[in-house]
Amino acid sequence: SRIAVNVYVKVFTNSPFLVCMDLARSQEEVIDPKYLWIGPDGKNLEGQMYVNLTETGKLTVMGFRESMSGAYTCTLSHKIIETTTQEEREMFEAYKFMVYAYREADHAYQVFVRFTTKECELAANGQFFEELKKILNNIIFDLTCHIVESSYKCHSVKIPKQGLLHELFVSFQVNPFAPGWEEVCHQIPYNCEDVTNKRVREARDRIGEFFDKQTYALKHEFQTVPIIHYVDNSFSVTHIDSCRPGFGKNDITHKNCASCCVVCDPGTYSPNNEVTCQICTRPRVKKYGAKSC
């Protein structure tokens with residue numbers, strides 16, 4: 001038995017050609033070849049609506065869905081004819097492909113920024129924070145992105161060669177699932193994450209620009225520096241991946257698709273946007289892409 005080849009197919013797209021022979025065999029002549037393709041459900045794939053089978057034994061699975069994941073096996077039968085006796089023998093070879101549906105990961109961005117303030121007990125700190133969130137949400141509103149998981153803490157900071165300063169450490173996430181994001185998606189149902197990821201990248205860039213401008217404004221536009229102001233170059237961003245329910249990442253079993261959200265294996269499930277498929281304690285789940293156990 002040969003090693004199964006892992007193949008990854010983006011949800012809603014067509015699989016690449018699965019070829020029913022190895023490289024060596026494909027470079028020789030093959031007499032009277034016949035191909036038998038069996039799908040994950042154990043049924044013969046010939047004549048199925050969702051596959052395309054060529055006469056040379058190549059298989060494409062069309063409009064790939066989570067439920068189509070699994071083992072695709074092909075048996076090649078062909079004849080070997082002895083040159084001296086012209087005697088015919090039939091040979092069989094089996095090839096196995098493990099085909100998995102995957103999605104691109106959804107991106108969000110975690111942002112950290114700092115502002116100096118007069119003192120930590122200032123009522124204005126909280127007002128400033130609320131105001132900042134409003135401004136940032138307005139900047140990215142048209143992208144159906146929004147600010148989530150936002151918080152701030154005030155710390156006193158001793159600066160080298162200077163005295164104590166008070167600073168607000170602000171943290172928030174830029175997230176592409178603001179109310180109404182689904183409508184934007186319905187225009188392109190099959191590749192939503194590509195669009196979502198593009199939008200959230202744009203949102204991240206706009207917010208980065210906003211903080212750059214703060215630095216400029218402090219240097220050039222204020223006669224007196226406002227009490228609460230941006231700390232130069234304190235803006236930093238890290239990117240966070242999440243997967244849709246029924247999908248997860250696994251860079252050990254799926255090392256050729258390590259950054260992909262691959263469909264959860266039977267016996268595992270993912271109910272939320274975490275990046276790992278959890279193991280079912282009651283292994284009733286026989287299907288790929290389970291969202292519950």
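User: Buried means under 20% relative accessible area, exposed over 50% and partly exposed in between, with a 1.4 Å probe and protein chains only. Is Thr-116 buried or exposed?

Analyst: Thr-116 counts as buried because its relative accessibility is 11%. This is a predicted model, in which local features need pLDDT of at least 70 and side-chain atom pairs count only at pLDDT 80 or more, while totals for chains, interfaces and linings use all residues. Residues are numbered from 1 along each chain as its sequence is written, and side-chain values use heavy atoms, with hydrogens and water left out.

User: Where is Thr-116 placed, and which residues does Thr-116 touch?

Analyst: Thr-116 belongs to strand β8, residues 106-117. Helices (H or I, at least four residues) and strands (E, at least two) are DSSP runs numbered from the N terminus. Leaving out residues up to four places away in sequence, Thr-116 touches His-166, Glu-167, Ile-227, Ile-228, His-229 and Val-231; contact means heavy atoms within 4.5 Å.

User: How is the protein divided?

Analyst: There is a domain 1 (5-103) and a domain 2 (106-242), with bounds from an automatic or database domain assignment. Taken over C-alpha atoms, the centres of domain 1 and domain 2 are 52 Å apart.

User: On to α2. How many residues does that helix have, and what is its reach?

Analyst: Helix α2 covers residues 123-140, which is 18 residues, and its first and last C-alpha atoms are 27 Å apart, close to the expected 26 Å. The expected span is 1.5 Å times one less than the number of residues.

User: Which residues of α2 are buried?

Analyst: Asn-125, Phe-129, Leu-132, Leu-136 and Ile-140 are buried in α2. Viewed down the axis of α2, these buried residues fall within an arc of 65°, so they line one face of the helix. The arc is that of the directions from the helix axis to the C-beta atoms.

User: And what does the face turned away from the buried side carry?

Analyst: That face of α2 carries the exposed residues Ala-123, Gln-127, Lys-134 and Asn-138.

User: Which salt bridge involves Lys-133?

Analyst: Lys-133 pairs with Glu-130 at 3.5 Å, N to O. A salt bridge is a side-chain nitrogen of Lys or Arg within 4 Å of a carboxyl oxygen of Asp or Glu, and by this rule the count comes to 15. Both Lys-133 and Glu-130 lie in α2, 3 residues apart, about one turn of the helix.

User: Which residue forms a salt bridge with Glu-202?

Analyst: Arg-206 does, with the closest N and O atoms 3.0 Å apart. Arg-206 and Glu-202 both lie in α4, 4 residues apart, about one turn of the helix. Glu-202 is partly exposed, with a relative accessible area of 35%, and Arg-206 is partly exposed, with 22%. Elsewhere, salt bridges that share partners join Lys-10, Glu-104 and Asp-194 into one network.

User: How many residues apart in sequence are Glu-202 and Leu-143?

Analyst: Glu-202 and Leu-143 are 59 residues apart in sequence, and 8.0 Å apart in space from C-alpha to C-alpha.
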